[in-house]
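Welcome, and please open your viewer. We will go from stop to stop, with something to select at each one.

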Amino acid sequence: QNIFIDSSISECGAGQFELALKNDNDIIKIADDIIMLKYIIKGIAKKYNLIASFMPKPSTNSIGSGLHSHISILDYKNENIFNNNTDKGSKKLLYAVSGLLSSMRETSLIMAPNLNSYRRVVPESHAPHLISWGYENRTAALRIPGGDLKSKRIEHRVAGPDINPYIYLTVILASCFEGLMKKKFPIVPIKGNVYKTQIQSLPGSWQEAVNEFAKSKFIKKYFSNDFFQMYLDCKKQELRVLGSKVTEDEINTYLKLI
């Protein structure tokens, strides 16, 4: 299928696997590959009477799944603008981090688009829920990996596997661009467990994410009004329908108590 996979390993949860796609300069192909890979995996699973799920949180007691992206930017000389031959990275890396952080609440509805998305984004769950960054910090929303300086990059750790990859990658590129244009430095990098800090959080519910999206100047700046209104209307409708369902857990908890 012309999809190039760098690695495939088992993850923390039972039956959970991580697939790493090789980096590519063609952003559209990356999004295409994410969609096609899902179809391939689901098709193979079905052949053996199994279900391959990309739900962020398929069951209460299972580990959630994410979709992480590693971002670097090459200039016209094919050189990485995030690399200044130090572990900290260049000013442009910091500007890009600032842009990504500043749009994070407004774009949460794209990073976590569905009701189930918010089952995953909770404290101490391997999923970042605080707007943060750090060097080699896997509890932060944005991580700057160590290693080869020429490969200096930002790991974006917020999104779940239920995202629309085309919209998601557009948000990442637009956020980096916004940061590079404004040339503002981000908050200080967090060392240690981010979950124990008191910094600003991502929306904690689907409704809060819808509200942040609805008033977002960032989304209106980088997306068409048609997209903005249609995406917002769709998510409001989904929230209204799914949010009105009375669950079995609610009945078990409240029916005889209240």
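A cavity is a set of points, on a 1 Å grid over the protein atoms alone, where a 1.4 Å probe fits but cannot get out. Its volume is the space filled by probe spheres set on the points, with grid points joined across faces, edges and corners.

Two notes before we start. This is a predicted model, in which local features need pLDDT of at least 70, side-chain atom pairs count only at pLDDT 80 or more, and totals for chains, interfaces and linings use all residues. Residues are numbered from 1 along each chain as its sequence is written, and side-chain values use heavy atoms, leaving out hydrogens and water.

**Stop one: the cavity**

The structure holds 1 cavity of 30 Å³ or more, and about 40 Å³ of space lies in the largest cavity. To find its lining (residues with an atom within 4 Å of a point), select Ser 108, Met 111, Ala 112, Tyr 118, Val 121, Val 158, Leu 202 and Pro 203. This lining divides into 7 nonpolar residues, 1 polar and no charged. Here Ala, Val, Leu, Ile, Met, Phe, Trp, Tyr, Cys and Pro count as nonpolar, Asp, Glu, Lys and Arg as charged, and the others, Gly among them, as polar.

**Stop two: the aromatic rings**

Next, select Phe 213, Phe 223, Phe 227, Phe 228 and Tyr 231, which form one aromatic cluster. Rings of Phe, Tyr and Trp (its six-membered ring) pair if their centres lie within 6.5 Å; planes under 30 degrees apart count as stacked, over 60 as edge-to-face and the rest as tilted. The structure holds 7 aromatic pairs. In one of them, the rings of Phe 213 and Tyr 231 have centres 5.3 Å apart and planes at 40 degrees, so this pair is tilted. Phe 213 sits in helix α6 (residues 206-214) and Tyr 231 in helix α8 (residues 225-243), so the pair ties together parts 18 residues apart in sequence. Helices are DSSP runs (H or I, at least four residues), as are strands (E, at least two), numbered from the N terminus. Both Phe 213 and Tyr 231 are buried, meaning under 20% relative accessible area with a 1.4 Å probe, protein chains only.

Now zoom to Phe 223 and Phe 227: with centres 4.7 Å apart and planes at 25 degrees, their rings are stacked. Phe 223 counts as buried at 14% relative accessibility, and Phe 227 is buried at 19%.

**Stop three: the sheet**

Finally, show the open sheet of 4 strands, ordered β3-β6-β5-β4 with mixed pairing. Strands pair if DSSP finds at least two bridges between them. At the edges, β3 (69-71) and β4 (133-135) each pair on one side only. β3 pairs with strand β6 (residues 154-156) in the antiparallel sense over 3 bridges.

Key: Buried < 20%, exposed > 50% of the residue type's maximum accessible area, 1.4 Å probe, protein only. 1 Å grid on protein atoms, 1.4 Å probe; cavity = no way out; pocket = protein on both sides within 12 Å on 5 of 7 lines; lining within 4 Å.
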